[in-house]
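My notes follow in the order of the look-ups.

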Amino acid sequence: MSDVLVHMENITKHFGPVIALNGVSFDVKAGECHCLLGDNGAGKSTFIKTMSGVHKPTSGEILFEGQRMSFGSPRDAMEAGIATVYQDLAMIPLMSVTRNFWMGREPRRRVGPLKVIDFDLANRTTMDEMARMGINLRSPDQAVGTLSGGERQTVAIARAVYFGAKVLILDEPTSALGVRQTANVLATVDRVRKSGIGVVFITHNVRHAMAVGDRFTVLNRGQTLGTADRGHITAEDLQDLMAGGQEMAALEGSLGGTV
Amino acid sequence: MSVIDGATDERIKKTGGLRRWLIRPELGGIVGTIAVFVFFGILAGDSGMFNAQGILNWSQISAQFMIIAVGACMLMVAGEFDLSVGSMIGFAGISIAMFGVVWGLPMWVAILITFAICMGVGAINGLIVVRTGLPSFIVTLAFLFILRGFTIFIPQTVENRTIIGGIAEAAQGDWLAAVFSTDLAGWLFVWLADIGLIDTFSRGSRAGEPVISGIPMLLVWAVAMVIAGHVVLTRTRFGNWIFAAGGDAQAARYVGVPVDRVKIIMFMTTAFCATVFACLQVFEFGSAAADRGVLKEFEAIIAVVIGGALLTGGYGSVMGAALGALIFGVVQQGLFFADVESSLFRVFLGLILLFAVILNTYIRRIITGER
């Protein structure tokens, strides 16, 4: 499997006496959308924060394109090509779309002794990239606060893709959105996947997962309950797994022997 | 899911030009500036407020406010306050006097040491704020008292007085002191007097000389700092990081903006502005006093708020703050020219502050679409 971008092997994470993750294995391939499902407290957030460099795993291996990696900070992970879009921390509402899009990586040009932001380039690129994601901005100067929740997520996704993300982690991008905005974001996920980026889609909404997912992994109480391919599992089964009410033995069958 | 691929979204209302203007942070400042000039043009138009000397008078007062407002504005955009600005002004003045006059160092050395100490204190302010996560309001309030205490204690202990004179004599011929005290373009005013546009002294030792000897360095510093602050804030990468740090520090950190460094540098910038203010003041007066700069921190904050900055950070304009400072200076001196009881100035300040904050809150709702 040469196209595996990130492989997480047997990850554990302890916070003092609390075992947040107890042996989680997970991988994501180029061009797929791998959904990570789990109820609240299942360890989804801890897991993706480990993947994106916020936490260091207590034990276990992270392989990025076959290489062992140890990320010291989110910046390290980002530079390697793992970008994370957090649900409510994606954007700064008072700042313009362009300023948000380029934040931290503003393009510059030289004017005399000064280096100033190249706003022509920045604005043009922002408009183009947003148009590719299916959103036509009124103006690149408009404040992000005037965008809908779904559009904000899309700006964050477009930003990550533009800056060369190979793996895109989306932390519950649809949980606070309405029906139509959710559809927009899911369509964006689909576009991103088709461009060859590996998407890790975290959600606790089975219907959203089924809409775009190629594979589904269920986390419960800090452990993976198994991974299923699209078409080998029904929404009901996923729902039951997330609820964690069934015994492992009973689950194996429904997961097609991949547990 | 192809429905979202439409070219335009019919639900987005066209925004009018007026609304677009409303969300500019400078709007309040522009409207206020026009209003005060019209007001005093009517009330004090023939009092000498708008002749050469009058203009010099209120523009110098405004320039003083501008210098500290630049730093306060950028710091507020970065999401923090500095209440120690006023004490820093007094402290820096006494520091220059102690090193340059009492301890006899060359004046340029005294100035450079003072800048280093004050910006160091600014850095400590910033470090404490970012390390402890305490509100900058409290941390800098502590330094308001600490600095003022030292400002009185040091000259009192060493010299047994809290006003130190003799600075002009000690600064004679000093190149760095000249940067804060020379009047520029004197020839222009001689010429203006020759063609009768400005008055000359009719009596005394300077009879025949124009009433204005040149453009004070105070004005040059103020204009230069406003332009520099405006360019940095709106045009540079660092400026974008200042907005980001104040807008949402956590979101900024996630995309790699060094938020802590930005905030510390902004605290050092306000300290720099306070020190510039102090230098201009001591070389103009020729003396330093331990009670200088009292309440300046609040005046700076008021100018910034009139200029459209949000107290919560992430939004504001140096140009707006400069206009806020101009309003300040014009009103303070205008009431004097109009022969109005000057205590009313404080009433005006309180009212305009209240009005500006309410207006800013409304504008914020427009920008972010909150209801």
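**Overall fold**

I started with burial in chain A: 49% of its 259 residues count as buried. I kept in mind that this is a predicted model.

Next I listed the secondary structure. Chain A holds 9 helices and 12 strands. I then checked the radius of gyration of chain A, which is 19 Å; the globule rule gives 18 Å for 259 residues, so chain A is as compact as a globular protein of that length. I also took the spans of the C-alpha trace along its principal axes, and got about 70 × 40 × 35 Å.

How much of the contact set links residues 24 or more positions apart? In chain A such pairs make up 68% of the contacts with a separation of 6 or more.

**The six-stranded sheet**

I traced an open sheet of 6 strands in chain A. Its order is β6-β9-β10-β3-β11-β12, and the pairing is mixed. I looked for the edges and found β6 (82–85) and β12 of chain A, each pairing on one side only. Neighbouring strands of this sheet are turned against each other by 20 degrees on average, direction ignored.

Inside the sheet I checked β3 (residues 33–38) against β10 (residues 198–203) of chain A. These two run parallel and share 5 bridges. One pairing I noted: A:Leu36 has A:Ile202 in β10(A) as its bridge partner.

Then I moved to the β12 end. β11 (residues 215–220) of chain A runs antiparallel to β12(A), with 6 bridges between them. A:Thr217 is bridged to A:Thr227 in β12(A). The two strands form a hairpin with 2 residues between them. In that turn I found A:Arg221 with a positive phi of about 50 degrees.

Is the edge strand β12 (residues 223–229) of chain A mostly covered or open? It is mostly covered: 5 of its 7 residues are buried.

At the β6 end I looked for a helix. Helix α5 (residues 149–162) of chain A lies across β6 and β9 (167–171) of chain A. The angle between α5 and β6(A) is about 170 degrees.

**Contact with chain B**

Last, I counted the residues where the chains touch. Chain A gives 28 residues and chain B gives 27 residues. On the chain A side, the elements that give two or more residues are α2 (74–80), β8 (114–117) and α6 (179–194). I sorted that side of chain A by type and got 16 nonpolar, 6 polar and 6 charged residues.

Key:
Residues are numbered from 1 along each chain as its sequence is written. Chains are lettered from A and ligands numbered from 1 in the order in which they are written. This is a predicted model: local features need pLDDT of at least 70, side-chain atom pairs count only at pLDDT 80 or more; totals for chains, interfaces and linings use all residues. A residue is buried if 20 or more other C-beta atoms lie within 10 Å of its own, exposed if 12 or fewer, and partly exposed in between; C-beta atoms are placed from the backbone. Helices (H or I, at least four residues) and strands (E, at least two) are DSSP runs, numbered from the N terminus. Two strands pair if DSSP finds at least two bridges between them. The radius of gyration is taken over C-alpha atoms; the globule rule is 2.2 Å times the number of residues to the power 0.38. Two residues are in contact if their C-beta atoms, placed from the backbone, lie within 7 Å. Axes are lines fitted to C-alpha atoms, for helices over the stretch in contact, and angles run from 0 to 180 degrees between N-to-C directions. Ala, Val, Leu, Ile, Met, Phe, Trp, Tyr, Cys and Pro count as nonpolar, Asp, Glu, Lys and Arg as charged, and the others, Gly among them, as polar.
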